[in-house]
Amino acid sequence: MGTVMLKVGDMKLMLDYYERALGLVPISESLGGVYLGRQGLPVIHLSPAAGLQLPGRGEAGLFHTAILFERRADLAATVATAAQYDPRLFAGSADHLVSEAFYFTDPEGNGVELYFDKPRETWQWNAGQVVMDSLPLAPQAFLNQNLTEASLEGQREAEAGVGHVHLQVGDVETAQKFYVDTLGFEKTSGWHGQALFVSAGRYHHHMAMNVWNSRGAGPRKDTLGLGEVLIRVGTQDDVLAAADRLKVAGVATRHTGAELRFEDPWRNQIRMASVHA
């Protein structure tokens with residue numbers, strides 16, 4: 001997964017959050033906003049959209065952007081700074097068997113997950129589905145075991161990137177037809193018809209869709225919040241193959257030569273490009 005673009009009402013506030021709470025570093029700036037990330041790799045693109053409103057309750061859009069850390073100590077450092085920034089923005093934590101995750105909400109209501117993947121050899125698969133759960137994960141105990149002065153001091157230099165993107169959608173069946181049958185992801189898990197997890201290369205999930213807050217939601221209005229999701233694929237041939245599948249499915253696309261742009265059934269903007277583009 002590549003950079004997630006957010007449409008932002010208060011750039012000063014949001015920049016402050018993503019820099020100070022999450023330890024992301026401004027990488028580039030343009031009229032289209034600011035890109036922030038780690039080690040030169042953009043994670044979040046904050047795009048000014050002061051004239052837009054916050055999305056209404058129950059609308060489709062972003063559930064959370066999930067930022068993946070290479071080491072538990074690096075995750076602990078950002079959990080600590082995010083909690084210190086404003087404890088009211090902490091939304092929970094869980095051991096998912098494949099990962100350890102901490103949840104926050106940014107100042108404009110966008111969900112953020114901070115997580116670490118457990119070693120792949122410890123993941124369990126059952127009939128092609130990865131075994132996941134939501135078990136208790138005590139934040140203070142995690143910090144006590146993993147937070148170090150070195151990880152706090154080196155926070156902004158530590159590697160981190162978008163691990164997955166989780167969306168709110170109107171129904172799971174339509175999501176599966178689009179993201180699995182048409183776009184080509186593999187289904188890795190489901191949850192009682194309320195959530196769908198999909199990936200490439202037997203990762204636990206690169207994208208997820210749920211109806212927990214948005215069952216029955218129709219196409220999105222143009223609001224603050226999720227602006228665009230970037231999906232990275234291996235080669236330009238993979239981009240062209242996706243374009244062909246979308247055309248067959250009757251989905252309008254725009255191919256710029258370097259990348260493919262299209263919308264999902266809820267008008268979430270998707271951009272696809274090869275890793276070498």
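User: Where is Arg271 found in this model?
Analyst: In this predicted model, Arg271 lies in strand S18, which covers residues 269-274.

User: Is Arg271 buried or exposed?
Analyst: Arg271 is buried, because its relative accessible area of 16% falls under the 20% limit.

User: What does Arg271 touch, leaving out residues up to four places away in sequence?
Analyst: Arg271 touches Glu228, Val229, Leu230 and Ile231, together with Glu259, Leu260 and Arg261. With Glu259 there is a polar contact, side chain to side chain, at 2.9 Å.

User: And what separates the C-alpha atoms of Arg271 and Leu260?
Analyst: The separation is 5.7 Å, for two residues that are eleven residues apart along the chain.

User: Changing topic: which residues form the nonpolar patch on the surface?
Analyst: The patch consists of Leu97, Val131 and Leu135, and their accessible area together is about 180 Å².

User: Where is Leu135 found, then?
Analyst: Leu135 sits in the loop between strand S10 (129-130) and helix H3 (139-146).

User: Why does Leu135 count as partly exposed?
Analyst: Its relative accessibility is 33%, so Leu135 falls between the 20% and 50% limits.

User: Next, strands S12 and S13. How many bridges join them, and do they run parallel or antiparallel?
Analyst: Strand S12 (residues 186-191) and strand S13 (residues 195-199) run antiparallel and are joined by five bridges. Within this pairing, Gly190 stands opposite Leu196 in S13.

User: What do S12 and S13 form, and what is the phi of His192 in the turn?
Analyst: S12 and S13 form a hairpin, with three residues between the strands. His192, in the turn, has a positive phi of about 50°.

Notes
Residues are numbered from 1 along each chain as its sequence is written. This is a predicted model: local features need pLDDT of at least 70, side-chain atom pairs count only at pLDDT 80 or more; totals for chains, interfaces and linings use all residues. Side-chain values use heavy atoms; hydrogens and water are left out. Helices (H or I, at least four residues) and strands (E, at least two) are DSSP runs, numbered from the N terminus. Buried means under 20% relative accessible area, exposed over 50%, partly exposed in between (1.4 Å probe, protein chains only). Contact means heavy atoms within 4.5 Å. A polar contact is a pair of N or O atoms within 3.5 Å; within protein, one must be able to donate a hydrogen and the other to accept it, and residues adjacent in sequence count only if both atoms are side-chain atoms. Patches are made of residues with over 30% relative accessible area and no salt bridge: like charges are joined within 9 Å, nonpolar side chains (Val, Leu, Ile, Met, Phe, Trp, Tyr) within 5 Å. Accessible areas come from the Shrake-Rupley method with a 1.4 Å probe; for residues, only the protein chains shown count as cover. A salt bridge is a side-chain nitrogen of Lys or Arg within 4 Å of a carboxyl oxygen of Asp or Glu. Two strands pair if DSSP finds at least two bridges between them.
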